[in-house]
Amino acid sequence: MSSQQERKSVLESLMFVWGDPLSAKEAAEVLNIAPKEAYTCFKELQQEYLERGCGIQIREINKKFQFCTKAENSSYIERFCTPVKEKRLSQSAMEVLAIIAYKQPVTRGEIESVRGIRCERVIEGLQKKGLIQEVGRSAAIGRPILYGTTDVFLQHFDLESIQDLPEIEDIEAVIQLEGDADQPAFQQISIDLEQK
């Protein structure tokens with residue numbers, strides 16, 4: 001492929017058709033270029049969309065790229081797409097998800113010691129939603145399963161990588177309780193995490 005503009009054109013087409021986050025490595029194989037070059041093209045394209053103020057933006061999720069809508073247009077999209085029912089996570093699911101996000105990789109036993117109650121069904125539910133996954137086994141007795149978050153989690157919370165998680169004390173500003181956008185969630189779980 002000759003020009004940088006042609007490469008970016010191909011990347012736009014690939015992202016549009018693929019839908020899911022597309023890695024620089026996968027795109028590089030299609031374009032027959034180095035992954036570093038593909039990553040540079042993605043970043044340039046991302047910046048171009050930002051500068052033009054387009055309604056479609058390109059977001060990065062764990063070194064993968066995907067089209068998304070401009071955040072400022074969300075109220076119009078919601079109005080257009082209503083009455084789509086929004087499925088929210090329960091308070092217990094949000095607590096377990098926060099523990100996994102901040103302490104990963106983490107075993108079920110460690111999660112339960114922070115929460116003080118069993119959470120097997122909550123973990124199963126989060127796995128079915130694709131927000132968490134098994135990432136290995138602990139060296140502890142019985143070799144319990146270790147859990148971590150997924151790219152779907154990053155996508156849902158609009159994070160590029162797990163390093164972009166807010167500080168524990170700032171979490172209430174990021175995650176809100178179901179039904180009350182002004183009421184902060186996880187105050188108790190934040191305190192518990194800091195004490196462990």
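These legends go with a set of close-up views of a predicted model.

View 1. Residues 170–196 are another story, with a pLDDT below 50. That stretch still has 46 contacts in the model beyond near neighbours in sequence.

**View 2. An open sheet of three strands.** Read across the sheet, the order is β1-β3-β2, and the pairing is antiparallel. The edges belong to β1 (22–23) and β2 (56–61); each has a single partner strand, so one side of each is left without a neighbour in the sheet. Helix α3, covering residues 35–52, lies across β1, β2 and β3. Against β2, α3 runs at about 140°.

**View 3. Zooming in on the β2 and β3 pair.** Here β2 and β3 (residues 64–69) run antiparallel, joined by six bridges. To find your place, look for glutamate 60, which stands opposite phenylalanine 65 in β3.

**View 4. Glutamine 66, a buried polar side chain in strand β3.** Glutamine 66 is part of β3. Its relative accessibility is 7%, and buried means under 20%, so glutamine 66 counts as buried. Its side chain makes a polar contact of 3.1 Å with the side chain of glutamine 155. Leaving aside neighbours within four places in sequence, the residues in contact with glutamine 66 include Met15, Gly19, Asp20 and Pro21. Also in contact with glutamine 66 are Gln57, Ile58, Arg59 and Ile61, along with Gln155.

**View 5. The largest nonpolar core.** This core has 25 residues, and those with the most contacts inside it are Val96, Leu97, Ile111, Leu126 and Phe153. The largest share is that of α5, which gives seven residues. Apart from this core lies another, of 16 residues, with Met15, Ala27, Leu31 and Cys54 among them.

**View 6. Isoleucine 111 and its contacts.** Isoleucine 111 is one of the residues with the most contacts inside the largest nonpolar core. Which residues is isoleucine 111 in contact with, leaving aside its neighbours within four places in sequence? Look for Val96, Ile99 and Ile100, then Val106, Cys119 and Ile123.

Notes:
Residues numbered from 1 in each chain as written. Predicted model: local features only at pLDDT ≥ 70, side-chain atom pairs only at ≥ 80, totals over all residues. Heavy atoms only, no water. pLDDT = per-residue confidence, 0-100. Contact = heavy atoms within 4.5 Å. Pairing = 2+ DSSP bridges. Helix = DSSP H or I, 4+ residues; strand = E, 2+ residues; numbered from the N terminus. Axes fitted to C-alpha atoms, helices over the stretch in contact; angles between N-to-C directions. Core = buried A, V, L, I, M, F, W, Y, C linked by side-chain atoms within 4.5 Å. Buried < 20%, exposed > 50% of the residue type's maximum accessible area, 1.4 Å probe, protein only. Polar contact = N/O pair within 3.5 Å; in protein donor to acceptor, adjacent residues only side chain to side chain.
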